[in-house]
Amino acid sequence: MGKTLSDKVWESHVVHAAPGEPDLLYIDIQLVHEVTSPQAFDGLRLAGRGVRRPELTLATEDHNTPTENIFAPIADPVSKLQVDTLRANAAEFGVRIHSLGDKDQGVVHIIGPQLGITQPGLTMVCGDSHTSTHGAFGALAFGIGTSEVEHVLATQTLPQSRPKTMAVTVTGDLPDGVTPKDLVLALIAKVGTGGGQGYIVEYRGDAISKMSMEGRMTICNMSIEWGAKAGMIAPDQITFDYLKGRPHAPEGADWDAAVAYWSTLYTDPDAVFDAEVHLDATALAPFVTWGTNPGQGVPLSATVPNPSDFHNPVDRAAAEKALAYMGLTAGTPMREIPVDTVFLGSCTNGRIEDLRLAASILKGHKVADSVRMLVVPGSARVRVQAMSEGLDKVFTDAGAEWREAGCSMCLGMNPDQLKPGERSASTSNRNFEGRQGKGGRTHLVSPPVAAATAITGRLAAPADL
Amino acid sequence: MDKFTTHTGTAVPLRESNVDTDQIIPAVYLKRVTRSGFEDGLFAAWRNAPDFVLNNQAYTKGSILIAGPDFGTGSSREHAVWALQNYGFKVVIGSRFGDIFRGNSGKAGLVIAEVSQDVVDQLWAIAESEPGIAFTVDLRHKTIEAQDEVFEFAIDDYTRHRLLEGLDDIGLTLRHEEAITAFEAKRPSFLPKTLPARVAD
Ligand code: SF4
């Protein structure tokens with residue numbers, strides 16, 4: 001029987017296997033940021049251990065960092081402590097770090113691909129659940145906790161039980177105006193937030209193979225939002241073209257050897273997945289969330305659902321609670337929901353394509369008076385690229401705020417937060433209670449919906465303008 | 001890590017589904033650089049609500065949490081595990097857990113006891129019928145004793161073994177040092193390295 005893509009990558013990284021034990025996997029690259037690493041480095045120090053392979057480790061500052069006045073000392077003393085701690089740890093253990101103000105600083109899942117460090121067939125980890133993003137290149141990439149960060153720093157390996165495999169096949173083409181973000185939100189609404197638990201998912205089908213790397217990253221990024229261990233997409237010419245010439249992409253004979261290897265990374269035709277999901281791309285439409293988990297979403301043209309529509313009592317209770325938290329009434333058309341804030345950014349939708357798309361809609365329009373719009377590029381390089389294309393001007397002319405790179409309002413650890421009761425349309429990935437600030441209410445949307453919503457002040461698609 | 005064999009303590013019924021790690025501890029509480037002191041942030045958004053279960057005197061000393069389905073989904077923050085432990089929890093019982101949360105718990109020594117939702121419902125009912133009642137969780141026999149009833153729970157053998165023996169995971173892995181070194185010797189030259197740093201102009 002043939003092997004799936006994830007089987008191939010998994011099996012080529014097993015250092016040690018024994019019955020009744022998890023496989024010991026070699027980790028090709030570990031990414032590190034300031035929030036989930038201090039206790040890991042501290043653990044190393046306490047045990048008298050070093051970082052086994054600093055040259056397979058890359059650190060950046062993103063979760064906590066300000067997006068304004070980045071050259072001033074960080075005002076929040078606890079944020080400052082974390083960032084200072086990471087800098088000190090990187091220096092002590094010989095780890096490369098891209099600090100605030102550095103031109104390669106940015107959200108950890110944006111800078112890996114951008115530097116060409118994210119490559120097909122790798123095992124990659126980071127103390128962050130959206131590490132699944134890197135699966136867009138055919139890497140096996142997953143989020144880990146701080147004890148595991150320490151484990152990888154010390155040993156460059158990680159004991160892991162082998163997950164099951166699932167295929168998500170998306171047939172047909174996405175209709176105009178429908179983005180990868182809509183696709184993945186619709187998928188999660190269909191399978192539920194627990195639907196992928198215990199699986200490595202491979203996304204395939206025409207809609208995926210025609211998609212840009214940016215779009216593929218958006219899809220893989222949100223794998224964790226339906227519980228999957230990792231999301232993967234088989235590398236192809238689009239992947240190779242994206243990587244060619246990037247700072248850490250292989251060169252010369254190494255490039256040829258790499259491409260030859262990468263070209264073997266696909267699911268064999270006779271391989272069998274443990275589970276399969278099918279999605280018809282042609283039936284999709286702009287999709288937005290109404291509740292407090294990413295599975296609580298509907299097409300933008302729909303209304304806020306009625307909890308009594310849910311047959312499962314757990315789902316019904318969750319819907320009731322979500323509506324109360326969100327301050328929404330069943331039956332309200334989604335398009336009539338006014339927002340106070342629009343956030344364009346994050347590792348889900350903070351790449352250059354996302355900014356271009358949103359700018360193309362905002363151009364010549366004004367952000368509604370009632371709305372504050374924050375545009376936060378995913379990395380310093382995305383920011384520079386956008387400025388070289390004049391996108392910053394489009395955003396500021398429309399009345400949006402143009403910020404420095406970082407996680408920002410995706411998780412509200414820095415000053416970019418919603419106030420209690422405020423409502424956002426956000427291109428990020430989590431609409432959990434309080435995610436963007438205590439009492440804040442989040443609707444997850446695509447970049448075009450974010451842009452159109454900023455203009456109208458209510459949830460809207462570009463077609464509504 | 002301390003060995004875990006059995007634990008007897010107050011069972012707390014948390015009737016909520018989809019309690020993601022942002023609910024267990026919001027991001028603003030993640031800024032400490034130690035593993036302790038996170039109890040303040042535990043369930044922070046709910047702690048001020050008078051009807052929140054941990055505000056009921058009978059449950060404030062809780063050490064066994066009976067959670068709803070899909071507990072610990074979302075963010076990878078291990079702070080969620082530390083917050084539960086810092087508060088005093090030793091065991092979380094539930095029917096479905098986020099993968100990363102389960103892994104983090106195993107590493108940090110918080111026992112994740114998996115039972116069917118049906119058993120969760122029964123345990124909720126018992127814990128509520130006699131608020132403050134103590135359950136006994138026995139990791140050797142994979143059982144939960146509640147009132148006169150005994151329920152079995154599931155936990156993977158490897159994690160159970162490690163917790164019973166109090167074994168350090170990194171130490172266990174380093175027994176395979178030779179295999180790791182041999183693996184490294186065979187890695188192809190085209191694989192990426194982060195050092196020396198290369199950057200675009
Ligand atoms: S942008 Fe959001 S989801 Fe992505 S790494 Fe930062 S906080 Fe996590």
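Student: How many cavities of 30 Å³ or more does a search of the whole structure find?

Tutor: Happy to walk you through it. This is a predicted model, where local features need pLDDT of at least 70, side-chain atom pairs count only at pLDDT 80 or more, and totals for chains, interfaces and linings use all residues. Residues are numbered from 1 along each chain as its sequence is written, chains are lettered from A and ligands numbered from 1 in the order in which they are written, and side-chain values use heavy atoms, with hydrogens and water left out.

The search finds four cavities of 30 Å³ or more. A cavity here is a set of points, on a 1 Å grid over the protein atoms alone, where a 1.4 Å probe fits but cannot get out, and lining residues have an atom within 4 Å of a point. A volume is the space filled by probe spheres set on the points, which are joined across faces, edges and corners.

The largest cavity holds about 230 Å³. It has 23 lining residues, and A:His63, A:Asp128, A:His130, A:Leu411 and A:Arg435 are the closest to its centre. This cavity is the space taken by the ligand (more than half of the ligand's atoms lie within 2 Å of its grid points). Residues around the ligand (a heavy atom within 4 Å of it) include A:His63, A:Asp128, A:Cys347 and A:Arg435.

The second largest cavity has about 50 Å³. Its lining draws on both chains, with A:Thr193, A:Glu225 and A:Phe432 among them, alongside B:Asn18, B:Thr73 and B:Gly74.

Methods:
On a 1 Å grid over the protein atoms alone, a cavity is a set of points where a 1.4 Å probe fits but cannot get out, and a pocket is an open set with protein on both sides within 12 Å along at least five of seven lines; lining residues have an atom within 4 Å of a point.
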